[in-house]
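Here are my notes for your read-through. Keep the viewer open as you go.

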Amino acid sequence: YYASWTREQIDWNPGGLWKDWRFGPSGREGRSWLGGGEGVLDDKGTARLSIQTTGEGAIEGAVFRYSVEVEAQDAARQSVAARSSVIVHPASFLIGMRLDSGNREGSGPSIFFQSEGRDLTLSGAHVDADGRIVPAGGTVSMELVRQEWKLQRQETPNGVSLVWEREEIVEDSRNLPVRAGRFSHSFKAGKGGQWELRIRNTDSEGRRAYSVLPFYVSGSGWI
């Protein structure tokens, strides 16, 4: 037989109560080949296959689908193929987030657009793979990041050119208390532009959960 292993990042949401919440990072990793090999089936026509899952080189906080495809041949060179997959989470919980106008958690979809100076509320929760709240305490690490594009001079073999480069400004960084697996934070929308709320925490085995919630603030200034 011949076996081939692949890994692919997926968008994960447990649905139900959390269907309008955001889970995981904003980056995206494509499908990657992890390896393969040949072998011989035992006298029962079976084989045991395994691979070590790892977050090395992966986008922080991403959920992955690991898949194995196997093609086996008999003595007459007749072949049969099969495929199996499993979802692998980065930690024992994921961080769910939503953003609402005003000073409390709302209902319906999390907002993406807001006006400069308006009151906003971040709501968050530790949720396991089955959509249940993990009743953890402690704190989560929060960053409120504004993205700004600036025109920079760049030396080239043909002279000087002007290029746009993205700069990230951390406008707020703090630890938020977690009570019974939930946390929240109220703040005012800053100057116009693209923003991100970034939340990190680790589970009891030191594995890191990470989620990003992007939003856009409209204002009168340049972005």
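1. First, a term: a contact means heavy atoms within 4.5 Å. Leaving out residues up to four places away in sequence, Phe215 touches Leu99, Phe112, Leu120, Leu144, Phe187, Gly193, Gln194, Trp195, Glu196 and Leu197.

2. A word on the source: this is a predicted model, where local features need pLDDT of at least 70, side-chain atom pairs count only at pLDDT 80 or more, and totals for chains, interfaces and linings use all residues. Residues are numbered from 1 along each chain as its sequence is written, and side-chain values use heavy atoms, with hydrogens and water left out.

3. Now the inside. A nonpolar core is a set of buried Ala, Val, Leu, Ile, Met, Phe, Trp, Tyr and Cys residues joined through side-chain atoms within 4.5 Å; buried is under 20% relative accessible area, exposed over 50%, partly exposed in between (1.4 Å probe, protein chains only). The largest core has 23 residues, and Phe215 is among those that touch the most other members, as are Leu99 and Phe187. Strand 13 gives the largest share, 4 residues. (Strands are DSSP E runs of at least two residues, numbered from the N terminus.) A second, separate core of 9 residues includes Trp12 and Trp21.

4. Over to strand 10: is Leu162 buried or exposed? Leu162 sits in this strand and counts as exposed, because its relative accessibility is 56%.

5. Val160 is in strand 10 too. With a relative accessible area of 44%, Val160 is partly exposed. Not counting residues up to four places away in sequence, Val160 touches Arg153, Gln154 and Glu155.
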